[in-house]
Amino acid sequence: MSSSSSLPPTQARLAALNRLKAKQKLTSAPSPSEASSSSGPNLVNKPQAVPSTSRNAAAAQANEDNAPLRRDQRLGKYFEYDLSKLHNSRGGFLTEDDDGGRIKTVIEIAREKEREKKLMREGEEPAILIDTSPRCRECNSLEIDHQFLKVFGMRVCAKCKKQFPEKYSLLTKTECKEDYLLTDPELKDEDLLPHLLRPNPYASTYSNMMLFLREQVEKVAWDKWGGEEGLDKEWERREQFKKRKREEKFEQGLRDLRKRTRNNQFQRRQEAEHVHEFEDIEVATDEDGGTKTIQRCFGCGAEQEVEVW
């Protein structure tokens with residue numbers, strides 16, 4: 001007691017704590033009999049406690065196995081792509097077989113087949129039946145041109161088209177405008193004038209030709225201008241108007257030419273009426289280094305070489 005009382009308060013407190021810890025260890029320690037029984041053969045079947053440090057090491061090893069590989073700095077900057085997740089977008093172009101990866105239903109497949117059959121029926125010529133098939137309006141033949149019937153509503157065969165070109169020949173858009181004096185809105189009206197589209201023979205990149213049936217074009221032109229005589233009068237009136245415009249343009253150009261010519265003549269006349277008035281004689285040096293005697297006009301600056309005696 002004397003030794004503990006002589007210690008400072010802090011050291012005395014530490015000594016008391018150490019004594020309490022020692023007593024706690026003695027009370028919690030197993031007895032010798034328990035220690036011998038625990039060291040027997042039954043210890044093999046009991047699960048052994050794994051230190052916390054070993055558990056942390058196993059978890060760290062598992063995390064390292066699942067972690068992605070570290071990028072090598074020596075390779076520089078690059079992008080890593082997961083090729084298993086890439087999708088073929090066909091370069092951004094839309095294709096007919098691009099269904100978005102969706103499985104088509106039975107109804108959609110049936111509709112597509114019906115649409116294909118309809119297109120095939122439209123492209124095929126109908127069967128010829130003696131009682132119900134349409135006949136040619138000229139020769140009463142069954143072998144009519146179904147394209148003419150579909151586009152122009154005209155029942156005519158190929159033989160009659162060649163035999164009557166004044167009725168069934170095809171006119172271009174330019175011919176309709178120049179010969180029959182029809183306008184663009186009238187030619188674009190399919191209800192008024194149906195037309196047939198054909199590729200342009202001059203270049204494939206040009207727009208398609210619009211071909212019209214001569215008989216239908218003449219009917220529209222007669223109704224517009226009051227018959228063939230009215231069309232001829234309108235055509236003559238426009239030709240006279242064009243001729244008058246050309247004459248006016250020619251006369252205007254002629255007047256401009258006369259003005260320019262008159263100015264040139266006046267200038268030449270002024271130059272012809274000019275009388276030189278020369279200055280006194282002066283000596284000048286020529287290109288060869290010699291001397292010459294000249295006179296210079298007061299008005300126009302003209303020079304002349306003179307000889308002094």
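Predicted model: local features only at pLDDT ≥ 70, side-chain atom pairs only at ≥ 80, totals over all residues.
Residues are numbered from 1 along each chain as its sequence is written, and side-chain values use heavy atoms, with hydrogens and water left out.

**Exercise 1.** Work out which residues of α11 are buried and where they lie around the axis.

*Solution.* Start with the element: α11 spans residues 214-225 (helices are DSSP runs of H or I with at least four residues, strands runs of E with at least two, numbered from the N terminus). Next, pick out the buried residues (under 20% relative accessible area; exposed is over 50%, partly exposed in between, with a 1.4 Å probe and protein chains only): Q216, V217, V220 and A221. They cover an arc of only 130° (taken from the directions from the helix axis to the C-beta atoms), which puts them on the same side of α11. As a reminder, an α-helix has 3.6 residues a turn, so residues three or four places apart point the same way. Then turn to the other side of α11, where K219 and D223 are exposed. Finally, look past the end of the helix: G226 follows α11, with a positive phi near 80°.

**Exercise 2.** Find the order of the three strands in the open sheet, and say which stand at the edges.

*Solution.* First, the order is β4-β5-β6, with antiparallel pairing (two strands pair if DSSP finds at least two bridges between them). β4 (282-285) and β6 (303-305) each have a single partner strand, so they stand at the edges, with one side of each left without a neighbour in the sheet. Now zoom in: β5 (residues 291-296) and β6 pair over three bridges, and Q295 has Q304 in β6 as its bridge partner.

Notes
Expected span 1.5 Å × (residues − 1).
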